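User: Hi! I have a model open and would like to walk through it with you. Could you help me make sense of it?

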Amino acid sequence: MLGYLFPGQGTVRVGMGAWLRRRPVARAVLDEVDGLLTHPISALCVRGPLDRLVATEHAQIAVTACNLAALAVLREEGYEPGVVAGHSVGELTALHAAGVLGLADTVRLVETRSRLMSRVGVTGGMRAVMGLPVERVEELAALAQAPEEPLVVGLENAPGHVVVSGSTAALDRLTGLAADADADKIVPLSVGNAFHSPLMAAAVPGWAEAVRAAPMAAPRVPVVPNVTGRPTEDLDVLRDALIAQLTGRVRWTDTVTVVDALGLAVEVGDSKVLAGLSRRAGARCLSMADPGTLRRLAREFAA
């Protein structure tokens, strides 16, 4: 069985999607996405500048466009997933791959999500803590936060790779605490705000309205939502999880474990980040950004 993993906005870079444009089926999807957007994204992906591309309102749709295009390549090759998941905004492409959302509705929801999140006043940020277990990072985050200065674990990316999200003052305190606790390193993330934390609460009402208004069908295959890390085919659970994801934790380590137990994972997009996180978790994951992946899939799933 194949499991599809779709990357999120932290994987954007200038030049992304170049290999996809060499595939007619992928180029057609990228052009279709451009046609659905208020502001087409392809030129920004190709030429940058980077500071505009990584902005929330552009990054989320850029990575989604590449995810959708890479999915089209796999479909053209005759592959279909048995389970799907997406990292943060990648969860929307996972829902499309499972048949829950049509392509146009996927693009519109991502555009809405990015707009709502970018409009939240900048009140914090995110930092990766390397080399400490998630339980220890949770303890340190609890010590670092203060009234009106929340700090939480926003992403469990892999063993020893935990991202905290919250107010800047609390992040500064956490950095000192983590260093004293012998963390390997603490890395500030180039993001626009404290995603997957309570500081995103202002965007939730508009996001919930958009999600509940979007046409959705029952999934054809199980989906592993970020906030639960458990596979489900319950449409109500998927809808609620998509709403909760804005302020909730991305339980990616659990997600990778689930998908790895079911079959071979493929990172579907123009990124190798999720493949790397999977290796840290002891799981196997190919990447569509690797030119040899389609050949390997052909060998693995030869009739």
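User: Let's start with Leu151: which residue of strand 5 does it stand opposite?

Analyst: Leu151 stands opposite Gly166 in strand 5. This is a predicted model, so to speak with care: local features need pLDDT of at least 70, side-chain atom pairs count only at pLDDT 80 or more, and totals for chains, interfaces and linings use all residues. Residues are numbered from 1 along each chain as its sequence is written, and side-chain values use heavy atoms, with hydrogens and water left out.

User: Thanks. How many bridges join strand 4 to strand 5?

Analyst: There are 6 bridges, and the two strands run antiparallel. Strands pair here if DSSP finds at least two bridges between them. Strands (E, at least two residues) and helices (H or I, at least four) are DSSP runs, numbered from the N terminus.

User: How many of strand 4's residues are buried?

Analyst: 7 of its 8 residues are buried, so strand 4 is mostly covered, where buried means under 20% relative accessible area, exposed over 50%, and partly exposed in between (1.4 Å probe, protein chains only).

User: Zooming out, what is the strand order in the sheet?

Analyst: The sheet is open, has 5 strands in the order 6-3-5-4-7, and its pairing is mixed. Strand 6 (185-188) and strand 7 (250-251) stand at the edges with a single partner strand each, so one side of each has no neighbour in the sheet.

User: How does strand 6 pair with strand 3?

Analyst: Strand 3 (residues 124-130) and strand 6 are antiparallel, over 4 bridges. The bridge partner of Arg127 in strand 6 is Pro188.

User: Which strands does helix 8 lie across?

Analyst: Helix 8 (residues 168-180) lies across strand 3, strand 4 (151-158), strand 5 (161-167) and strand 6, and runs at about 15° to strand 3. Contact means heavy atoms within 4.5 Å. Axes are lines fitted to C-alpha atoms, for helices over the stretch in contact, and angles run from 0 to 180 degrees between N-to-C directions.

User: New topic: where is Gln60, and is it buried or exposed?

Analyst: Gln60 is in helix 4 (residues 56-76) and is buried, with a relative accessible area of 0%.

User: What does its side chain make a polar contact with?

Analyst: The partner of Gln60 is the side chain of Arg113, at 3.0 Å. A polar contact is a pair of N or O atoms within 3.5 Å; within protein, one must be able to donate a hydrogen and the other to accept it, and residues adjacent in sequence count only if both atoms are side-chain atoms. Not counting residues up to four places away in sequence, Gln60 also touches others, including Gln9, Val89 and Met117.

User: And His96, what about that one?

Analyst: His96 is in helix 5 and counts as buried at 9% relative accessibility. A polar atom of the His96 side chain lies 2.9 Å from the backbone oxygen of Leu101.

User: Where does Asp182 lie, and what is its phi?

Analyst: Asp182 lies in the loop between helix 8 and strand 6. Its phi is positive, about 70°, although Asp182 is not a glycine. Asp182 counts as exposed at 62% relative accessibility.

User: And Ser88, buried or exposed?

Analyst: Ser88 counts as buried at 13% relative accessibility. Its phi is near 60°, a positive value in a residue other than glycine.

User: Last one: how far apart are the C-alpha atoms of Gly131 and Val110?

Analyst: They are separated by 33 Å, with the two residues 21 apart along the chain. Gly131 is in the loop between strand 3 and helix 7 (134-144), and is partly exposed at 36% relative accessible area.
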